[in-house]
Amino acid sequence: VEKTTAVADEAVSNIRTVRAFAMEDQEQELFVAETELAMLLNENLGFGIGWFQAGTNIFLNGMVLITLYMGGYLLSTDKLSPGQLMAYLMASQTIQRSLGQISLLFGSVIRGLASGSRVFEYMNLQPTMPLRGGKTISEFDLKGDIEFTNVTFSYPTRRQQCILKDFNLKVPAGKTLAIVGASGNGKSTVVALIERFYDVNCGEITLDGHDIKTLDPSWLRQRALGLISQEPILFGTSVMENIRYGRPESTDEEVKEAAKLANAHDFICSFPRGYDTLVGERGTTLSGGQKQRIAIARALLKNPAVLLLDEATSALDTESEKIVQNALDKARKGRTVIVIAHRLSTIQNADIIVVLHKGKIVEMGTHEELTKMHGYYWTLTYQQQEVPAG
Ligand SMILES: Nc1ncnc2c1ncn2[C@@H]1O[C@H](COP(=O)(O)OP(=O)(O)O)[C@@H](O)[C@H]1O
Ligand SMILES: [Mg+2]
């Protein structure tokens, strides 16, 4: 049943994709197959319980028969009074009824144990990474130097595939570093490691010289780093609350200040209900660019020393990309920025550009230097000029 629901849920929530590829029939087949499997399992369980109940019933009724037979014999030989026999019969019937109940309960217990074991499996999982605990750096000392030293990393689910191997990278505080490269080369992984969503296998990543493993993960994500990714996630509350999510204790004024910095204030004010406008499924539909600017405002509200942008503009059309890019250029001031970009035109003015290929840095330098090299970067730019951006 669990797997059946999963298939149905996936198909329904991705209905557009299913439609777009005309896969309704295949999805239906998948669903039927899973349902049939669930039916078979349920049938087996039913049979098991049925046999158990039949067995206990035969046994119990047999006991009544034997009692009557034996009792009759004892009565006829005057070893037992009728009253005693009745009392005995009553007693054995009470026992029979209770045993019958137990056999019914038995089925429920089995089902309960099966469901319960799944719950406890999750409850007993030990988090591999603590949520809290560790050093913090005071706001005034925090500069935002990021350095990777001999980092080797593979995802826990795929240990044999090394994503980064002896990876070294230095991002001086206040500089903008761009990471480019075809997809699947480990760009997002670099960002995930700075956010400490995963721990490195070997080597270390430092923030201002402190290994991030020694820093408080909550502090790191809440105060030091701001992450903006391709798909902004907004919650079904007001615009105000969605931005305030970045730093829950901030005032309305601070929220508006962040929105202005993110080029979001004007369009928010143009809504009839302004900052109280509801977003999400039952609220106003925002365009991709508007959502992204709200997400930027949310990240800026933290005033993070390090801003991580993972393809923040690649889901947008050229028009909104310009507005969002403009907001991001403003946001870069006074911070360390690591930007991953799909469109190379957006990162030409970065201080350092690194080209990542199969988890290794193959080229590094400014736009001019890399263009002169006629290597990977040059090839990537060339490809994007051939095929119009998008
Ligand atoms: N959560 C994950 N578990 C296992 N492998 C992953 C995970 N995320 C990404 N990968 C693998 O890591 C490699 C690099 O992925 P990624 O860093 O997302 O590349 P990019 O951002 O450059 O497109 C890919 O081969 C991808 O299949
Ligand atoms: Mg990526």
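**Helix packing and ligand surroundings**

In the predicted model, the axes of helix H8 (residues 252–261) and helix H10 (residues 288–301) come within 8 Å and cross at roughly 125°. Axes are lines fitted to C-alpha atoms, for helices over the stretch in contact, and angles run from 0 to 180 degrees between N-to-C directions. Helices are DSSP runs of H or I with at least four residues, numbered from the N terminus. H8 is therefore oblique to H10; angles under 35 degrees count as roughly parallel, over 145 as roughly antiparallel, 65 to 115 as roughly perpendicular and the rest as oblique. The crossing of H8 over H10 is right-handed, a term used if the near helix is turned clockwise from the far one by less than a right angle, with left-handed used if anticlockwise. On H8 the contact (heavy atoms within 4.5 Å) is formed by Glu 254, Val 255, Ala 258, Ala 259 and Leu 261, and on H10 by Ala 297, Leu 300 and Leu 301. Seven of these residues are nonpolar, none is polar and one is charged. Ala, Val, Leu, Ile, Met, Phe, Trp, Tyr, Cys and Pro count as nonpolar, Asp, Glu, Lys and Arg as charged, and the others, Gly among them, as polar.

Helix H1 (residues 2–13) packs with helix H3 (residues 24–76) at an angle of about 165°, the axes lying 8 Å apart. H1 is therefore roughly antiparallel to H3, and passes H3 in a left-handed crossing. H1 contributes Lys 3, Thr 4, Val 7, Ala 8 and Ala 11 to the contact, and H3 contributes Glu 27, Leu 30, Phe 31, Glu 34, Thr 35 and Ala 38. The contact comprises six nonpolar, two polar and three charged residues.

H3 also packs with helix H4 (residues 82–123), at about 175° and with the axes 10 Å apart. The two helices are therefore roughly antiparallel. Their contact has 15 nonpolar, ten polar and one charged residues.

Around ligand 1 there are 13 residues, of which Ile 163, Gly 184, Lys 187, Ser 188 and Thr 189 come nearest; a residue is included if one of its heavy atoms lies within 4 Å. A backbone N or O atom of Gly 186 is 3.1 Å from an oxygen atom of ligand 1.

Residues are numbered from 1 along each chain as its sequence is written, and chains are lettered from A and ligands numbered from 1 in the order in which they are written. Local features need pLDDT of at least 70 and side-chain atom pairs count only at pLDDT 80 or more, while totals for chains, interfaces and linings use all residues; side-chain values use heavy atoms, with hydrogens and water left out.

How values were computed: A polar contact is a pair of N or O atoms within 3.5 Å; within protein, one must be able to donate a hydrogen and the other to accept it, and residues adjacent in sequence count only if both atoms are side-chain atoms.
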